[in-house]
Amino acid sequence: MRLAAQRSLRALGVATARDIDRHFTASRYPGLPAVLAGLERSGRVERLRVAAEGAEWPGPWYVHADDLPLLERLEAGDWRPRTTLLSSFDNLIIDRERTQRLFGFHYRMEIYVPKAARRYGYYVLPVLHGDRLVGRVDPVMDRARGRLVVNAVHAEPALEELAAFLGAGGVELRQPPPRVWRTGFA
């Protein structure tokens, strides 16, 4: 139990007991609150506060002691964001409810959704840029031609959010976005 709880916490970065319970060995953590309390007493995990936009999120939240130096580096600005595609099974998004809560990003694999009812694509992959989920890509491998075909790229509503924050009445694009990004703009 102690090892499984720590593995979950390390994979999640920061998490509540509920997040840990839904990860790694999902729903197989009998006595998790007592295990976390013991890990906290032994110095293996620490509690922390998570806040956004001036509001503290309900917790308690935990971080593994081995990850504290990473948090300190992040707070000191020692971090270079990068952009990557995430698998549908990546730790960041595997718990869809947690992804929605932390990032405001609703994600659903649409492989079992009828084609006409799909919103983003058969096997759409989230795009992570730095600490934000900024888009989705619908790729497919054309094995016969040896080509990766990108059916669609969907940008999340970042421009609309920026416009609303600034009090703008809309977004005006001076030039069209790259062809692969056009499906993300109205």
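**The largest pocket and its surroundings**

Tutor: By class, 24 nonpolar, four polar and 11 charged residues line the largest pocket. Here nonpolar means Ala, Val, Leu, Ile, Met, Phe, Trp, Tyr, Cys and Pro; charged means Asp, Glu, Lys and Arg; the others, Gly among them, are polar. This is a predicted model: local features need pLDDT of at least 70, side-chain atom pairs count only at pLDDT 80 or more, and totals for chains, interfaces and linings use all residues. Residues are numbered from 1 along each chain as its sequence is written, and side-chain values use heavy atoms, with hydrogens and water left out.

A pocket is found on a 1 Å grid over the protein atoms alone: it is an open set of points with protein on both sides within 12 Å along at least five of seven lines, and a lining residue has an atom within 4 Å of a point. The volume of the largest pocket is about 1500 Å³. A volume is the space filled by probe spheres set on the points, which are joined across faces, edges and corners. The lining has 39 residues, and Val14, Leu74, Leu92, Phe103 and Asp131 lie nearest the centre.

Now take the elements. Helices (H or I, at least four residues) and strands (E, at least two) are DSSP runs, numbered from the N terminus. The protein has six helices and nine strands. Elements that give two or more residues to the lining of the largest pocket include helix 1 (2-12), strand 5 (61-64) and helix 6 (158-166). Helix 4 gives the most, with five residues.

Helix 1 leads on to a loop. Glycine 13 sits there, between helix 1 and strand 1 (14-16). At 25% relative accessibility, glycine 13 is partly exposed. Buried means under 20% relative accessible area, exposed means over 50%, and partly exposed lies in between (1.4 Å probe, protein chains only). Leaving aside neighbours within four places in sequence, glycine 13 is in contact (heavy atoms within 4.5 Å) with Tyr62, Val63 and Asp67. Its C-alpha atom is 9.6 Å from that of asparagine 91, 78 residues apart along the chain.

Away from its neighbours within four places in sequence, leucine 39 is in contact with Arg2, Ala5, Gln6, Arg44 and Val45.

Look at helix 3 itself. Its buried residues are Leu32, Val35, Leu36, Gly38 and Leu39. They are on the same side of helix 3, because they cover an arc of only 160° around the axis. That arc is taken from the directions from the helix axis to the C-beta atoms. Helix 1, helix 2 (17-21), strand 2 (45-48) and strand 5 are among what covers them. The face turned away carries the exposed residues Pro33, Ala34 and Arg41.

Strand 5 lines the pocket too. A cis peptide bond joins glycine 59 to proline 60, with omega about 10°. Most peptide bonds are trans.

Definitions and conventions:
1 Å grid on protein atoms, 1.4 Å probe; cavity = no way out; pocket = protein on both sides within 12 Å on 5 of 7 lines; lining within 4 Å.
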